[in-house]
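Reader: Can you walk me through this protein? Keep it short, please.

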Amino acid sequence: MADDRKGIRLKEDELGDVHVADEVVAIIAGLAATEVEGVTSMYGNITNDLISRLGAKNLSKGVRVTMEDGTVQVDLALNIAYGYGIPDVSHKVQEKVKSAIENMTGLTVSGVNVRIAEVDMKSES
């Protein structure tokens, strides 16, 4: 199902193949995660304000996408704002990332693992 040269195969039929690069799936995951209230940025990444000026490619930092048994597994490392409940924010991130990837690509997401890497003391709820 995965091809290192072409990315993840979405479709193969008489018209041809459709592949999406792993990084595209990672960017979708990063965008979805940073839209959740309480998430300040992806770990190892710049703030959301700078991302909007520099481009979405930076959103793939802190995201690892792997293909297993025809499904996508996503591992995220996030920075969270001080004052937000980690279990609540993590659950919202998992739901949002799974939904975004499945809706945009048609792939099945088997799991979204969230690791809170830092608490941002400058951003309070």
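**A walk through the model**

Author: Start with Arg-9, which sits in strand 2 (residues 7–13). Strands (E, at least two residues) and helices (H or I, at least four) are DSSP runs, numbered from the N terminus.

Reader: What kind of model is this, and how are residues numbered?

Author: It is a predicted model, where local features need pLDDT of at least 70, side-chain atom pairs count only at pLDDT 80 or more, and totals for chains, interfaces and linings use all residues. Residues are numbered from 1 along each chain as its sequence is written, and side-chain values use heavy atoms, with hydrogens and water left out.

Reader: Back to Arg-9. Buried or exposed, or in between?

Author: Arg-9 counts as partly exposed, because its relative accessibility is 26%. Buried means under 20% relative accessible area, exposed means over 50%, and partly exposed lies in between (1.4 Å probe, protein chains only).

Reader: How far is Arg-9 from Ala-21?

Author: Their C-alpha atoms are 8.8 Å apart in space. In sequence, Arg-9 and Ala-21 are 12 residues apart.

Reader: Zoom out. How many helices and strands does the protein have?

Author: Three helices and seven strands. Along the sequence, the pattern is β-β-β-α-β-α-β-β-α-β.

Reader: How much of the protein is buried?

Author: Of its 125 residues, 38% are buried. The accessible surface of the protein is about 7,300 Å². Carbon and sulfur atoms hold 48% of that surface. Those areas come from the Shrake-Rupley method with a 1.4 Å probe; for residues, only the protein chains shown count as cover.

Reader: Which helices pack together, and at what angle?

Author: Helix 1 (residues 22–34) packs with helix 3 (residues 86–105) at about 140 degrees. Their axes are 8 Å apart. Because of that angle, helix 1 is oblique to helix 3. Axes are lines fitted to C-alpha atoms, for helices over the stretch in contact, and angles run from 0 to 180 degrees between N-to-C directions. Under 35 degrees is roughly parallel, over 145 roughly antiparallel, 65 to 115 roughly perpendicular, and the rest oblique.

Reader: Which residues make that contact?

Author: Helix 1 gives Val-25, Ile-28, Ala-29, Ala-32 and Ala-33. From helix 3 come Val-93, Lys-96, Val-97, Ala-100, Ile-101, Met-104 and Thr-105. Contact means heavy atoms within 4.5 Å.

Reader: Stay on helix 3. Where is Val-89, and is it buried or exposed?

Author: Val-89 is in helix 3. Val-89 is buried, because its relative accessible area is 3%. Leaving aside neighbours within four places in sequence, Val-89 is in contact with Val-36, Glu-37, Gly-38, Val-39, Ile-80 and Tyr-84. The C-alpha atoms of Val-89 and Glu-37 are separated by 7.4 Å, though the two are 52 residues apart along the chain.
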